[in-house]
Amino acid sequence: MRHPGARTAALAAVAAAALLTSAACGSGFDDPAGGNTEQSGGPAALRILIGSSGDAETAAVRSAAGAWAKATGNTATVTPAQDLSQQLGQAFAGSDPPDVFYVDASRFADYASVGALEPYGDRISDSGDFYPGLRATFSHDGVFYCAPKDLATLALIVNDDLWKKAGLTGADVPTTWEQLTSAAERIKAAGITPLVVGDTHERIGAFMVQAGGWITSDDGRRATADSAANVTALQYVRGLLKDGLARFPKQLDAGWGGEAFGRGRAAMTVEGNWIRGAMRADHPGVAYTVHELPAGPAGRGTLSFTTCWGIAAKSRHKKQAISFVEEMTRAGRQMEFARAFGVMPSRRSARAAFTGEFPDDTPFVNGADHAHGPVNAPKMANVLADFDDGLQQLASTDPKTLLARLQKNTRAALGD
């Protein structure tokens with residue numbers, strides 16, 4: 001999931017990517033033998049490194065790992081990373097990676113492109129049960145590499161009290177860009193900031209998808225940043241900003257959209273299902289509802305954020321590692337994780353159970369049907385960080401200028 005600190009983490013990941021790239025040279029990633037002999041028999045001692053969201057996730061994964069170990073006769077040591085990207089980079093550089101580890105979707109292509117990951121995805125039972133968009137997110141050169149552990153999407157979050165104060169009802173919840181503009185104008189007229197939205201591609205990118213655009217082609221091989229669809233999207237968001245219908249979090253003295261929304265500084269925000277935990281912890285008295293994002297010229301669209309269970313190509317315990325991931329991603333186990341730390345299952349077969357137990361999160365789940373994953377191409381961290389810097393100046397910058405720069409930098413990164 002991409003929390004408020006995601007931008008800082010992404011920048012930190014650039015250094016880790018350098019470690020990973022250097023590790024790929026001469027470390028056997030592209031050599032199946034790789035100097036490591038897979039264990040042929042006996043119990044395995046798996047090492048699992050996770051990027052935990054907190055104590056609840058750590059406890060849940062450790063409990064599930066313990067149950068798997070007891071049932072299979074293996075052992076499983078789960079370690080929550082202090083800095084997952086850095087620790088993985090160092091482990092790969094030292095040719096001693098953990099057997100199983102979280103791989104953020106935004107970093108997947110970096111690892112897959114240098115042969116660091118075992119492409120085991122279709123060896124998981126009923127692998128077609130994972131949402132198609134998630135399978136695409138964790139595929140490289142047409143191969144499904146790793147099983148997505150859960151799912152997060154963006155939705156429109158509405159402050160019930162501010163909505164009513166502006167004279168709006170449930171019938172006014174926008175389902176199109178035109179309706180979003182109309183509702184925002186009425187909210188502004190009531191003296192309330194209508195919308196707060198994050199100033200990065202991880203939020204504004206949803207409008208690009210709704211317009212029918214994206215930064216790269218579906219296979220991640222071509223730059224598509226300067227398309228007419230992307231221009232339309234950024235022009236729309238720029239109009240909202242210039243007309244005072246939308247604000248970035250820092251303009252409202254907040255670190256992210258959820259903080260500004262929770263403090264009552266805007267009637268709407270575009271955020272992911274992680275906002276549930278933040279609202280419970282920091283703003284329990286705020287009443288709000290969740291709705292699917294309004295459709296743009298190309299229809300509905302949102303962004304997905306996810307992590308997969310990566311297995312090291314150099315692991316000596318691949319068979320046991322796959323067995324472990326099999327247990328972690330079965331529908332029943334994913335529902336246990338949903339109850340424990342609020343994630344949404346990545347399997348379609350768990351959808352009915354999840355929405356039945358958590359009906360208020362149905363709009364987030366529905367977003368999986370038209371969600372676009374992160375840029376699925378290696379060496380893009382610096383490019384996207386530069387684009388985010390430009391988006392912070394969107395209100396005063398021609399979108400075509402921003403997108404031309406993004407197109408040039410993306411082509412360079414892809415070797416196009």
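Hi everyone, let me start with one ring, F358. In this predicted model, F358 is partly exposed, with a relative accessible area of 24%. Is F354 buried or exposed? F354 is buried, at a relative accessible area of 2%.

How many aromatic pairs does a search of the whole structure find? The search gives 15. One that I would like you to look at is W68 with F324, an edge-to-face pair with 5.4 Å from centre to centre and 85 degrees between the planes. Why does this pair tie together parts that are 256 residues apart in sequence? Because W68 lies in helix α2, residues 55–72, while F324 lies in helix α12, residues 318–328. Both W68 and F324 are buried.

Now back to the rings I opened with. The centres of F354 and F358 are 5.0 Å apart and their planes are at 40 degrees, so this pair is tilted. And W68 and F324 belong to a cluster: ring pairs link them with Y102 and W309. Keep W309 in mind, please, as we will meet it again.

Which residue has its charged end over the ring of F130? That is R347, and the distance to the ring centre is 4.3 Å. R135 lies over the face of F144, also with a distance of 4.3 Å from the ring centre.

Next, the strands. There is an open sheet of five strands, and if you trace across it you pass β2, β1, β3, β13 and β6 in that order, with mixed pairing. Which strands stand at the edges? They are β2, residues 75–80, and β6, residues 147–148; each has a single partner strand, so one side of each is left without a neighbour in the sheet. For β6, strand β13 (residues 307–311) is joined to it by two bridges, and the two run antiparallel. Here is W309 again: in β13, W309 stands opposite A147.

Another strand to find on your screens is β7, residues 152–159. How many of its eight residues are buried? The count is eight of eight, so to speak, and the strand is mostly covered. In a regular strand the side chains alternate between the two faces of the sheet. You can follow that in β7: A152, L154, L156 and V158 point one way, T153, A155, I157 and N159 point the other way, and all are buried.

What does β7 pair with? With β10, residues 268–272, it pairs in the antiparallel sense over five bridges, and I157 stands opposite T269 there. With β11, residues 288–291, β7 is joined by four bridges, again antiparallel, and V158 has T289 as its bridge partner. With β12, residues 302–305, the antiparallel pairing runs over two bridges, and A152 has F305 as its bridge partner.

Let's turn to a helix, α9, residues 228–242. Its 15 residues reach 21 Å from the first C-alpha to the last, close to the 21 Å expected at 1.5 Å a residue. Its buried residues are A229, N230, V231, A233, L234, Y236, V237, L240 and L241. An α-helix has 3.6 residues a turn, so residues three or four places apart point the same way. What do the buried residues of α9 pack against? Their partners are the helices α7 (177–189), α8 (201–210), α16 (381–391) and α17 (399–414), along with the strands β8 (195–196) and β9 (246–247). After α9 comes G244, which has a positive phi near 75 degrees.

S95 is a residue other than glycine, and its phi is near 55 degrees. Where is S95 found? In the loop between α3 (84–93) and β3 (100–104). S95 counts as partly exposed, at 33% relative accessibility. K379 is not a glycine either, and its phi is positive at about 65 degrees. K379 sits in the loop between β14 (371–372) and α16, and with a relative accessible area of 62% it is exposed.

Methods:
Residues numbered from 1 in each chain as written. Predicted model: local features only at pLDDT ≥ 70, side-chain atom pairs only at ≥ 80, totals over all residues. Heavy atoms only, no water. Pairing = 2+ DSSP bridges. Phe/Tyr/Trp six-rings, centres within 6.5 Å; stacked < 30°, edge-to-face > 60°. Buried < 20%, exposed > 50% of the residue type's maximum accessible area, 1.4 Å probe, protein only. Lys NZ or Arg CZ within 6 Å of the ring centre and 35° of its normal. Expected span 1.5 Å × (residues − 1). Contact = heavy atoms within 4.5 Å.
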